Amino acid sequence: MSQPLTTVAGISFRQPPPLCSFLFIIVLLVATFYTLHHPDATPPHLFSPNTHNSLTLRRLFLSSASNATVSSYLHSLTRHPHLAGTKPSLDTLNYVLTHFQSLRLDDTRVVEYEALLSYPTHISVTARFSNNTTVEFDLNDDVSSSSGVVTPYHAYSPSGSAQGTVVFVNRGEERDYRALEVIGVSVRGCLVLARKGETLGRGVVVKIAETKGALGVLIYDEKDGGALGGIERGTVMRGIGDPVSPGWPGVVGGEKLSLDDDRVSRRFPKIPSLPLSLHNAEIILASLGGARAPVEWRSGRVGSSQRVGPGRVVVNMTLQGEMKMKKIHNVVATIRGSEEPDRYVILGNHRDAWTYGAVDPNSGTSALLDIGRRFSLLLESGWRPRRTILLCSWDAEEFGMIGSTEWVEEHVLNLGASAVAYLNVDCAVQGSGFFAGATPQLDSVLVDALKLVQDPDDVTLTVEETFKSQNNNIERLSRVDSDFSGFLHHAGIPSIDMYYGADYPVYHTAFDSYDWMIRNADPLFHRHVAMGGIWGLLGIILADEPVLPFDYISYAEQLQAHRDAVSKLLEGKVSVDPLSVAIQEFSLVAKEVADEAKKLKEQAYSKYDVAVAAKRRELNDRMMLAERGFLDSEGIKGKEWFKHLVYGPAAEPESKLCFFPGIADAIATNSSDGSIKHEIWRVTRAIQRASKALKGGFT
């Protein structure tokens, strides 16, 4: 039997199944009746802690989803561009703030910081061809001149002009420059043209070009908005967080370094860079002379006839920009825990966007707002989580994860002592297919949540069944591209990052709009609802389960796989025995903890016992704190702010491992055996610290 449809913004949505809606209404009526007849009493706890009631709660949470409501949130959030630090961004701030306040959660507040942000004032790119004709390229991708969409640019690129012949450098990786050397091409004194790759961020592409003597960098994307002709904006700042308060929070009135301080200036490139449309890039590519492109470059739109330059065209690129101190605003809403209010499960998404932000990030924002609404309904029905839940809306992520990083730096000690997990969703919906990254102890709880949520593209399957059938793996979080970075890489908080769709063609362009979303990525908002269901369930499970559902046996197995990969790469030149011993010890402790957790889970729903509760709390703390053991106070060489020695960003672009960043960098730079051995020992000590934290007590 088909369900009735509701229409919002011209789109029809199916309502929740009648039985689920009926059950939820009954629960609310019971709570309301009790409150009216016992106004001075505490409402009955309809979800007392037992397995049956936990399952009922989760079903009620899922049944309260509404495609139409999520659509209305996204429609409101994306009415206009809302770049961080601009006046329109305050409208989205107020929208999110008002929404959370209307839910009457325990607390909703705005947390302000001051940060150095970067904006363009004038940009131009002109080309003079061999026939003496000159073309000034159109650098806008927005059809409306009055929309307020910022001109495509690279934040923190230095102001100035650069002029010269052009060399095509493929993806701009070190190996691409080596390929150019083989055919006798140098980029020194030239502009370079690079196409966006899969492995290097734009900031690293600019940094490598700078070291090769290039005068400036132009970057284009072959996907480039599909047929729309979009241009990808982005940041080229090195590192994350406010650049003038490196390592400490940029609180209002706090210490700020000057721009000429080396700790600040080294965060910015020395040569200018700009994004270019595919159309404009192809005009330049077609005019290049010189040698033919190496065979390994011939893919996509680069064919066998492509020349790499230099010669036959001279390009002038000019960028005038301004650095401004701006106030940025995080919103933090709190649902206080009933039994462990000093333990925190944190759900986070950023709010700011380069343009309209329908995918990035407000598909995630709309899901977070709906989770808040659904949590509010559960609270009205008598539920209260065991642990405190924080719903966080970060600002200025696009400039380098600034809002979340400043908050982490301000609260790093409290987070280390009391944060259970951080659950991040940036782009909730980019397209089809569920993808996730996580620290390994959270793999099993993530899979458990996926088993409870209906697949948005096949109603006969769960998300877990589809995920498994597509042979998708849960990734590891060594990348630095969203707000989980500060939590995991700096503070050592177990983390998850999730999204629907591997990629999308309007990334950071003026076409990332509500209209594009309903025409392409999620017309009926089924994927938004699925993501909200997974995200919210993870929050409920981690906040409610008496014994934290952490699986450190999974972590031990992953560490062993990482050790094997390092051993294979080293080919016996350096011993990995210290790692082997440490991982074996960690594995034994993980099995002991799993047995202990199993016993305490069996006692969790029996009559309350003070001694059992104390043991449970102590075990939970050990499991929570174990991830902090992987942090090292010295950090990763070359990226010292990043402290995690298992999952952190390698400093070297050519590192072949996506784990053990210190070891990966030492191998990539052909360091001495002694240096590699030292990095192996650093990771060994980190695993030993994690083992001791997990085991508890003192030796």
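**A tour of the salt bridges**

Start by selecting helix α9, residues 362-380: Asp370 and Arg374 both sit in it, four residues apart, or about one turn of the helix. Keep in mind as you go that this is a predicted model. Now show those two side chains. Asp370 and Arg374 form a salt bridge, with 3.6 Å between the closest N and O atoms. Buried or exposed? Asp370 is buried, at a relative accessible area of 1%, and Arg374 also counts as buried, at 1% relative accessibility.

Next, select Glu340, Asp342, Arg343, Arg387, Arg617 and Asp621 together. Salt bridges with shared partners join these residues into one network.

Now jump to Arg195 and Glu222. Their side chains meet in a salt bridge, 3.0 Å from N to O. What does this pair tie together? Arg195 is in strand β7 (residues 191-195) and Glu222 is in the loop between β8 (216-220) and β9 (234-235), so the bridge links parts that lie 27 residues apart in sequence. Color Arg195 by accessibility and you have a buried residue, at 2% relative accessibility.

For a contrast in setting, go to Arg263 and Asp261. This pair forms a salt bridge too, and its closest N and O atoms are 3.1 Å apart. Arg263 counts as partly exposed, with 38% relative accessibility.

Notes: Residues are numbered from 1 along each chain as its sequence is written. This is a predicted model: local features need pLDDT of at least 70, side-chain atom pairs count only at pLDDT 80 or more; totals for chains, interfaces and linings use all residues. Side-chain values use heavy atoms; hydrogens and water are left out. A salt bridge is a side-chain nitrogen of Lys or Arg within 4 Å of a carboxyl oxygen of Asp or Glu. Helices (H or I, at least four residues) and strands (E, at least two) are DSSP runs, numbered from the N terminus. Buried means under 20% relative accessible area, exposed over 50%, partly exposed in between (1.4 Å probe, protein chains only).
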